[in-house]
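Let's take a walk through this model, one piece at a time. Have the viewer open and follow along.

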Amino acid sequence: MANMSLVKNPMPEQDPVVRAGNFDEVALGYTPEMAIDEAKRCLNCKNMPCRSGCPVSVRIPEFIAKVAAGDFDAAYEIITSTNSLPAICGRVCPQEKQCESKCVRGIKGESVGIGRLERFVADYHMAKADKPPIVAPESNGHRIAIVGSGPASLTCAGDLRKLGYDVTIFEAFHKSGGVLVYGIPQFRLPKEIVAAEIDNLKAMGVKIINNAVIGKSETVDELFEDGFEAVFIGSGAGLPQFLHIPGENLLGVYSANELLTRVNLMKAYRDDYDTPIKHFNRVAVVGAGNVAMDAARVAKRLGAEHVFIAYRRGRDELPARLEEVEHAEAEGIEFQLLNNPTRIIGGEDGHVVGIELLRQELGEPDAKGRRSPVPVPGSEWVLDVDTVIIAIGTSPNPLIRNTTEGLTFTRKGGIDANEKGQTSREGIFAGGDAVTGAATVILAMGAGKTGAQSIDEYIKSKNK
């Protein structure tokens, strides 16, 4: 065996100076040669620890062996046998915390670039002109309704359709894809890719009804009256949380949700769309998760000269993916760590002119092992900004809670569901951010998979 490289093949990407001024995808993807070379780093372990780290159980060593052999079509078949959205997962999954964290190669050197290989295989398949037509499975006559069209719902729909169920998705927005289209920016997940994955599901026979707000246009109970035998609720967590500090209602304060939706779904960054968007100059983003990084990088691309991230903990506690933090820094985002916002300051015209920050020191670790910030008395200072974007998390929208009798909810407003996705009401299942509050795309997909299995068991037990 040749001496195997200890490091992954690096991902080719756009130059940071160039990309900070455009919305094109940052990562450019592997070439076939890079993909084959990277795949050959896989040891094809017998006990496949990487699979145990994947919420949708992709048959990882099997697909990688096909890539190493140059058989990209076979690799695609293997991935899609358990994962309906490979081009999306290959881009936004936190692989370093999941499959790649379990990779044996990672003990000495770097793990195999599993996510990069998945993305390569999916993109290779998408770019092919002569794809075999998608065959829609025959109907088993049972109708299932799905609320929302984000990652949990799309996964649940794909898995149920493969089992023969007639699946209808009800989506509140005019575009399908949920957080994949309104939340994650174009430069991280191109919307054309989400649309292509959704087209694959439609070709399999999944029906999608847009502009359908369940809880308004129709309630969950009315779906059962319409003849649906089970309902999966994957309506996400679209309600932004705020800091509750003075000055939050000043002009120039936005939730990351509003900013990202205007830019992603309403194409405010394009000259040929007339979605209004303010010109920012100096922006403070409060929070440090992936959404905060997205908001900061979007503000930069919209022409802001200075973009700051204000976060009350230190660098080691940043919740965002390392890759997102590195990309943000390379693009010139300025980090104000160990600083907690205490108030937002307005000018006479009611518009933001600054944000007051209080310096913090790290104290003892909390229950999760993250060190708690302790304020340094008298250390307040003001950062001059004209815009503040709040990115400290989201919670589920209360619409379904307020219109569905008999469902129970968690303290944070999520739907109460057990590990099989069953809720307190027979025939109603739920998963993804609607249950957990804001989390990752892949965990939502795992919940959609579980929901599909549970619905299948439920319908079969009812029809014995």
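Which residue in β13 is the bridge partner of Val283? It's Thr387. Before going further, some housekeeping: this is a predicted model, where local features need pLDDT of at least 70 and side-chain atom pairs count only at pLDDT 80 or more, while totals for chains, interfaces and linings use all residues. Residues are numbered from 1 along each chain as its sequence is written, and side-chain values use heavy atoms, with hydrogens and water left out.

β7 (residues 282–286) and β13 (residues 387–390) run parallel and are joined by four bridges; two strands pair if DSSP finds at least two bridges between them. The element labels are DSSP runs numbered from the N terminus, with helices being H or I of at least four residues and strands E of at least two.

Zoom out and you get an open sheet of five strands, in the order β6-β13-β7-β8-β9, with parallel pairing. At the edges sit β6 (253–255) and β9 (334–337), each pairing on one side only. From one strand to the next, the twist averages 25°. Lying across β7, β8 (306–311), β9 and β13 is helix α13 (residues 290–301), which runs at about 165° to β8. Axes here are lines fitted to C-alpha atoms, for helices over the stretch in contact, and angles run from 0 to 180 degrees between N-to-C directions. Contact means heavy atoms within 4.5 Å.

Now for a helix pair. Helix α5 (residues 72–80) packs against helix α7 (residues 114–127) at an angle of about 110°, their axes 9 Å apart. That makes α5 roughly perpendicular to α7, a label that covers 65 to 115 degrees. On the α5 side the contact involves Phe72, Asp73, Ala75, Tyr76 and Ile79, and α7 brings in Glu118, Phe120, Val121, Ala122, Tyr124 and His125. Sorted by class, that's eight nonpolar, one polar and two charged residues. Nonpolar covers Ala, Val, Leu, Ile, Met, Phe, Trp, Tyr, Cys and Pro, charged covers Asp, Glu, Lys and Arg, and the others, Gly among them, are polar.

Most residues other than glycine have a negative phi. Met48, in the loop between α2 (32–39) and α3 (49–52), has a positive phi near 45°. Met48 counts as partly exposed because its relative accessibility is 28%, between the buried limit (under 20%) and the exposed one (over 50%), using a 1.4 Å probe and protein chains only. Ser57, in the loop between α3 and α4 (60–68), also has a positive phi, near 50°. At 32% relative accessibility, Ser57 counts as partly exposed.

Key:
Angles under 35 degrees count as roughly parallel, over 145 as roughly antiparallel, 65 to 115 as roughly perpendicular and the rest as oblique.
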